[in-house]
Amino acid sequence: MSDTLADANVEAAEGEQDIPILFLQGVERHYQQGDATLHILNGAELAIWAGQSVALVAPSGAGKSTLLHIAGLLEHPDHGDVFIDGRATAGLPDHERTRIRRNEIGFVYQSHHLLPEFTALENVLLPQMIRGLTRDEARKRAVELLGYLGLQARLNHQPAELSGGEQQRVAIARAVANAPRILLADEPTGNLDIRTADHVFAALTQLVRASGLATIIATHNMELAARMDRRVTLRDGQVVEME
Ligand code: ADP
Ligand code: MG
């Protein structure tokens with residue numbers, strides 16, 4: 001493992017090991033549908049430690065995306081709190097939540113959301129430059145990450161010139177470009193054929209292990225979920241460990 005990729009690892013190792021990097025406490029999320037209230041999350045609890053990978057496996061509509069959005073500070077819970085590295089976030093002002101999200105959390109979605117007019121390299125450079133790195137520093141890490149994900153020959157391709165699996169690997173590189181400590185992936189291989197999904201998932205889990213990230217990956221694929229450290233599901237709005 002190279003120095004840059006290992007940075008997050010060192011930080012994680014120096015941190016307080018018994019505090020989960022991500023802790024959802026009594027999270028509730030309700031949606032109003034006509035006269036009915038849908039209790040999508042109803043006291044959901046989930047703790048994840050640095051270096052841990054968790055598969056979130058539940059049927060469509062169970063609340064996986066809702067849980068990931070709340071864990072990633074993109075949405076507020078109606079009740080409960082989200083602790084990042086031991087710090088409660090529900091009461092923080094928006095700019096502080098945004099800062100934590102930008103520094104500590106990476107997202108991968110089902111579709112890649114890459115900027116179409118930029119190359120693979122530029123898509124991975126940009127978040128780092130927005131965060132204040134120089135172009136040279138950002139470029140070094142982008143080249144390394146894309147190389148690590150097997151894309152060294154695709155640096156200057158635009159998304160439309162890449163296969164679906166390659167696009168998702170660029171999206172993964174972009175998500176971890178700023179060395180977050182938490183990676184949240186919402187059905188990241190849901191649009192890919194089985195073989196490509198397998199390949200992308202292998203790259204993702206290898207990166208997660210090597211960098212000491214804590215990760216939640218929502219997936220329908222039990223075979224892929226079996227390769228992660230833990231498997232959880234949602235039952236009646238609560239997180240339940242699976243065997
Ligand atoms: P999953 O990702 O597991 O498929 P979601 O978290 O996207 O599930 O959605 C869970 C449930 O909440 C679904 O029934 C969905 O229709 C409902 N839902 C999600 N977002 C909203 C919203 N903004 N307003 C009303 N209902 C919503
Ligand atoms: Mg979803």
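Let's start with the lining of the largest pocket. By class, it has 10 nonpolar, 5 polar and 4 charged residues. Keep in mind that this is a predicted model.

How much space lies in the largest pocket? About 530 Å³. The lining comes to 19 residues, and the closest to the pocket's centre are Arg-102, Ile-105, Phe-107, Pro-127 and Asn-178.

Now, which elements build that lining? At least two residues each come from α3, β6, α4 and α6. Here α3 runs over 94–104. The most comes from α4, which gives 4 residues.

Let me pick out α6 from that group. This helix covers residues 164–175, so to speak 12 residues in total. From its first C-alpha to its last it reaches 16 Å. That is close to the 16 Å expected at 1.5 Å a residue.

Is α6 mostly covered or mostly open? Mostly covered: 10 of its 12 residues are buried. The buried set is Gly-165, Glu-166, Gln-167, Gln-168, Arg-169, Val-170, Ala-171, Ile-172, Ala-173 and Ala-175. Note that Glu-166 and Arg-169 are in that set.

What covers them? The cover includes β6 at 105–108, α4 at 120–130 and α5 at 135–148. It also includes β7 at 182–186 and α7 at 194–211.

Next, strand β8, residues 214–218.

Take Thr-215, which sits in β8. Buried or exposed? Thr-215 has a relative accessible area of 1%, so it is buried; the cut-off is under 20%. Leaving aside neighbours within four places in sequence, Thr-215 is in contact with Ile-48, Gln-52, Ser-53, Val-54, Leu-183, Val-208 and Met-228.

Then Ile-216, also placed in β8. Ile-216 counts as buried because its relative accessibility is 1%. Which residues does Ile-216 touch, not counting those up to four places away in sequence? They are Leu-22, Leu-46, Ile-48, Val-54, Leu-56, Leu-67, Leu-68, Leu-183, Leu-184 and Ala-185.

Compare the two lists. Ile-48, Val-54 and Leu-183 are contacts of Thr-215, and Ile-48, Val-54 and Leu-183 are touched by Ile-216 as well.

One last distance. Ile-216 and Val-27 lie 189 residues apart in sequence. In space, C-alpha to C-alpha, Ile-216 and Val-27 are 16 Å apart.

Conventions: Residues are numbered from 1 along each chain as its sequence is written. Chains are lettered from A and ligands numbered from 1 in the order in which they are written. This is a predicted model: local features need pLDDT of at least 70, side-chain atom pairs count only at pLDDT 80 or more; totals for chains, interfaces and linings use all residues. Side-chain values use heavy atoms; hydrogens and water are left out. The expected span of a helix is 1.5 Å times one less than its number of residues. Buried means under 20% relative accessible area, exposed over 50%, partly exposed in between (1.4 Å probe, protein chains only). Contact means heavy atoms within 4.5 Å. On a 1 Å grid over the protein atoms alone, a cavity is a set of points where a 1.4 Å probe fits but cannot get out, and a pocket is an open set with protein on both sides within 12 Å along at least five of seven lines; lining residues have an atom within 4 Å of a point. Grid points are joined across faces, edges and corners, and a volume is the space filled by probe spheres set on the points. Ala, Val, Leu, Ile, Met, Phe, Trp, Tyr, Cys and Pro count as nonpolar, Asp, Glu, Lys and Arg as charged, and the others, Gly among them, as polar.
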